[in-house]
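Me: I am new to this structure and would like to know what stands behind the words used for it. Please set each term against its definition.

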Amino acid sequence: MFDSSRSRRQAKCHTATFLDRARNEGVKRMKVLPSVVFAAVTALTVTALVTATPEPASAATLTEVANFGDNPGGMRMHVYVPDSRPAAPGIVVAMHGCGGSGPGFHQSSEFSSLADRHGYVVIYPSAQQQAGFGNCFDTWSDAAKRRGGGSDPSSIISMINYVEQRYGADPGKVFATGSSSGGMMTNHMLALYPDVFKAGAAFMGVPFNCFANAADYPPGSSKCTGSGGANRTPQQWGDAVRQAYPGYTGARPRIQLWHGTNDTLVPYSLLQESIEQWTNVFGLSQTPTNTDTPQPGWNRRRYADSTGTAQVEAYSIQGAGHTLPSAGMAAQALAFFGLTSPGTTTTTTTTTTTTTTTTTPNPGTCQVTAAINAWNTGLTENITLTNTGPTTINGWTLTFTLPGGQTITSGWNATYAPASGQVTAKNAPYNAALPPNTPTTIGFQATHTGNTSKPTGFTLNGTPCTIT
């Protein structure tokens, strides 16, 4: 839905109008109002790159393909082919956010630079659907929700077929990734074409079949991203995927899910819905098999099958808004795909395993910061909790008073009871440990009757917290 840049200096709030300003030396980021538009990347002027019969791209060249086959979505296609690659390279389909373009995502993400190192081909589709905004991937129409039904998914399959034929790419090594609208399409493609994709990495996406139609897509009116309509059971989410390709019994593509804990445009709560969808598809428990911290602020949950293979990975990026992927995340996605050799990724991993104990929780001291995003009769709230004491707290409850008229309808990273009045949030199994001075984010979605104030009176294990 919304696009992100590799640098926060390149994505600042300005207006609700998409501004394309192409220059010969490259692409500059446009400025947008994040509460109204799906954050965008600008389109690159590519006239000089278009050829009727494209030649293989060099390591420094992005090439547009004018005729790649059946194109019911009316999409544009760019391809990046590194000079050094194996005889049968893998394919990564990398998809931008609303208002963006393939060339823009090529400039703002790390997938093409990593292709030079690891020898895979990158397909950059450019969406042309509007949905009230511009250049969004169609994840809402009936045609797009049916395998072979047409629209953007069918166009993307044509692009993959073209690259397999033109460059001898390996059909057993096809992967999808994308940011916001592109992350949504990543989930979409893996649901519709499980026999085509080996794995995917969705940044700031939503579950497959979250949007009812085009009118449900804009964030201000969307039940999917705005008013809690996405709160379905794991079985319902899983059934949506199974119905996308009835009768399919083959292997399913593994999936990696990324979301910022402070994302309010595509709410962080949707990460949990996506987890529920894909763990149900794989027949896995909702409880992660292990959790760790590959980098500071990256909290990872892994859901492995009986062989120990993580079929689903979920990354909560502490404090991040609608800004993914950022530096190092593309490399982590490639490692998940298996497109990197041991020791060749740019991500340095320091693993910290979360341990849940049955010891009596320490009282400790604490600091709380709350952030609210409200609309009409609903709101989401992210609460950042920091243990300011000298020792780790093992097991915790955070108690607070919800303002009158607010009722919690769903939550993430904790359990909440009761739904109104004085509420107690209890840790999840994967975040029971609160190390000193390490922020942990929890949150909830609620309805309101006009009072959108923050909760008051936060106490951690009975000890009052400082509110900032």
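Reply: Two strands pair if DSSP finds at least two bridges between them. Helices (H or I, at least four residues) and strands (E, at least two) are DSSP runs, numbered from the N terminus. Val-368 stands opposite Ile-467 in β26. Strand β15 (residues 366-375) and β26 pair in the parallel sense, over two bridges. The model is predicted: local features need pLDDT of at least 70 and side-chain atom pairs count only at pLDDT 80 or more, while totals for chains, interfaces and linings use all residues. Residues are numbered from 1 along each chain as its sequence is written, and side-chain values use heavy atoms, with hydrogens and water left out.

Me: How many helices and strands does the protein have?

Reply: The protein has seven helices and 26 strands.

Me: What makes β19 and β26 edge strands?

Reply: They belong to an open sheet of five strands in the order β19-β23-β16-β15-β26, with mixed pairing. β19 (407-412) and β26 (466-467) each pair on one side only.

Me: Why are β20 and β25 said to stand at the edges?

Reply: Another five strands form an open sheet, ordered β20-β21-β18-β24-β25, and the pairing there is antiparallel. β20 (414-417) and β25 (463-464) each have a single partner strand, so one side of each is left without a neighbour in the sheet. For β25, strand β24 (residues 456-460) pairs with it in the antiparallel sense over two bridges. Thr-459 has Pro-464 in β25 as its bridge partner.

Me: What makes strand β7 largely enclosed?

Reply: Buried means under 20% relative accessible area, exposed over 50%, and partly exposed in between (1.4 Å probe, protein chains only). Five of the five residues of β7 (residues 91-95) are buried, so the strand is largely enclosed by the rest of the structure. Ile-91, Val-93 and Met-95 point one way from β7, Val-92 and Ala-94 point the other way, and all are buried.

Me: Which strands pair with β7 in the parallel sense?

Reply: Strand β8 (residues 121-126) runs parallel to β7 and is joined to it by three bridges. β9 also pairs with β7 in the parallel sense, over five bridges. Val-92 stands opposite Val-122 in β8 and opposite Phe-175 in β9.

Me: Why is the pair of Phe-175 and Phe-337 called stacked?

Reply: Rings of Phe, Tyr and Trp (its six-membered ring) pair if their centres lie within 6.5 Å; planes under 30 degrees apart count as stacked, over 60 as edge-to-face and the rest as tilted. A search of the whole structure finds twelve such aromatic pairs. The rings of Phe-175 and Phe-337 have their centres 4.7 Å apart and their planes at 10°, so the pair is stacked. This pair links distant parts of the chain, with Phe-175 in strand β9 (residues 174-179) and Phe-337 in helix α7 (residues 329-337), 162 residues apart. Phe-175 and Phe-337 are buried.

Me: Why is the pair of Phe-105 and Phe-111 called tilted?

Reply: Their ring centres are 6.2 Å apart and their planes are at 40°, so the pair is tilted. Both Phe-105 and Phe-111 are buried.

Me: Which residue lies over the face of Tyr-245?

Reply: A charge sits over a ring if NZ of Lys or CZ of Arg is within 6 Å of the ring centre and within 35 degrees of the ring normal. Arg-147 lies over the face of Tyr-245, at 3.9 Å from the ring centre. Arg-254 lies over the face of Phe-336, at 3.9 Å from the ring centre.

Me: How do you know that Gln-311 is buried?

Reply: Gln-311 has a relative accessible area of 13%, so it counts as buried. Gln-311 lies in strand β14 (residues 310-317). Contact means heavy atoms within 4.5 Å. Not counting residues up to four places away in sequence, Gln-311 touches several residues, including Arg-254, Phe-282, Tyr-303 and Phe-336.

Me: What makes α3 roughly perpendicular to α4?

Reply: Axes are lines fitted to C-alpha atoms, for helices over the stretch in contact, and angles run from 0 to 180 degrees between N-to-C directions. Angles under 35 degrees count as roughly parallel, over 145 as roughly antiparallel, 65 to 115 as roughly perpendicular and the rest as oblique. Helix α3 (residues 151-167) and helix α4 (residues 181-192) pack at an angle of about 75°, with their axes 11 Å apart. That makes α3 roughly perpendicular to α4. Asp-152, Pro-153, Ile-156 and Ile-157 in α3 meet Met-185, His-188, Met-189 and Leu-192 in α4.
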